[in-house]
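Please keep the sequence and the structure in view while reading.

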Amino acid sequence: DDDGVEGMRSATGRALVASVVGVVGERAPGAAKPAIPALVACCDASAEGPVTREAMWALVATATAEPAVLRPFVAGRVWALDETDPRIVATALDDLGHVGAALPNRVPAVDRVRARLDHAAPRVRAAAVRARGRIGGAPRYHGKPLGRPLDGGAAPLVDPVTRRLHDGDPEVRAALVRANQSSASATASS
């Protein structure tokens, strides 16, 4: 199908499912717990759209109704930061960044994210930069905040990231540019 209708139905369907999970999560957070990994995967604030907006809303609604629902997911990703496989560490950083975009105060290991900025693997450094950019402030969708701001602001995360401006890997530098653009637009809109 060349007209893109199938992709639209798919995105619309995913947004509707995320919305329903959010409604369930507000009223019965435990029932929404199995959907947490899927919601986090859809919380890419750099991909503005209804799926992102609804997934972030559902994550915020569920975790606000019962914070304990999100803790095992976050704890698992924090533990994964100590893995030796760069792919696992990068995925954990991306997941923590997605959670941090919506609920930055629920990511207790910001210092551990910051420490990965100096990792030997470029993939991990780039993921740490992306996570920093997402955790740095509440992303916006058409001017409306999608999540909650970070208590105390993002200033403690900025200096360690600026060291990556001269990183030898272009993926890391590109991630830094995108993270800074994201943080600047979130700050300018608040």
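## Confidence of the model

The average pLDDT of the protein is 77, and 68% of the residues score at least 70. Over residues 1-5 the pLDDT stays under 50, and for this stretch the model has one contact beyond four places in sequence. Where pLDDT is low, the predicted coordinates should not be read in detail.

## Pairs along the chain

Arg 53 and Glu 54 form a salt bridge through their side chains, with an N to O distance of 3.8 Å. Arg 53 is partly exposed at a relative accessible area of 29%, whereas Glu 54 is buried at 18%.

A salt bridge with an N to O distance of 2.9 Å joins the side chains of Arg 77 and Asp 95. This pair links distant parts of the chain, with Arg 77 in helix H5 (residues 71-80) and Asp 95 in helix H6 (residues 86-102), 18 residues apart. Arg 77 is partly exposed, with a relative accessible area of 23%, while Asp 95 is buried, with 13%.

Because Asp 82 lies in the loop between H5 and H6 and Arg 112 in helix H7 (residues 110-115), the pair ties together parts that are 30 residues apart in sequence. Asp 82 counts as partly exposed at 47% relative accessibility, and Arg 112 also counts as partly exposed, at 24%. Through salt bridges that share partners, Asp 82, Arg 112 and Arg 116 are joined into one network.

How values were computed. Residues are numbered from 1 along each chain as its sequence is written. This is a predicted model: local features need pLDDT of at least 70, side-chain atom pairs count only at pLDDT 80 or more; totals for chains, interfaces and linings use all residues. Side-chain values use heavy atoms; hydrogens and water are left out. pLDDT is the predictor's confidence in each residue, from 0 to 100. Contact means heavy atoms within 4.5 Å. A salt bridge is a side-chain nitrogen of Lys or Arg within 4 Å of a carboxyl oxygen of Asp or Glu. Buried means under 20% relative accessible area, exposed over 50%, partly exposed in between (1.4 Å probe, protein chains only). Helices (H or I, at least four residues) and strands (E, at least two) are DSSP runs, numbered from the N terminus.
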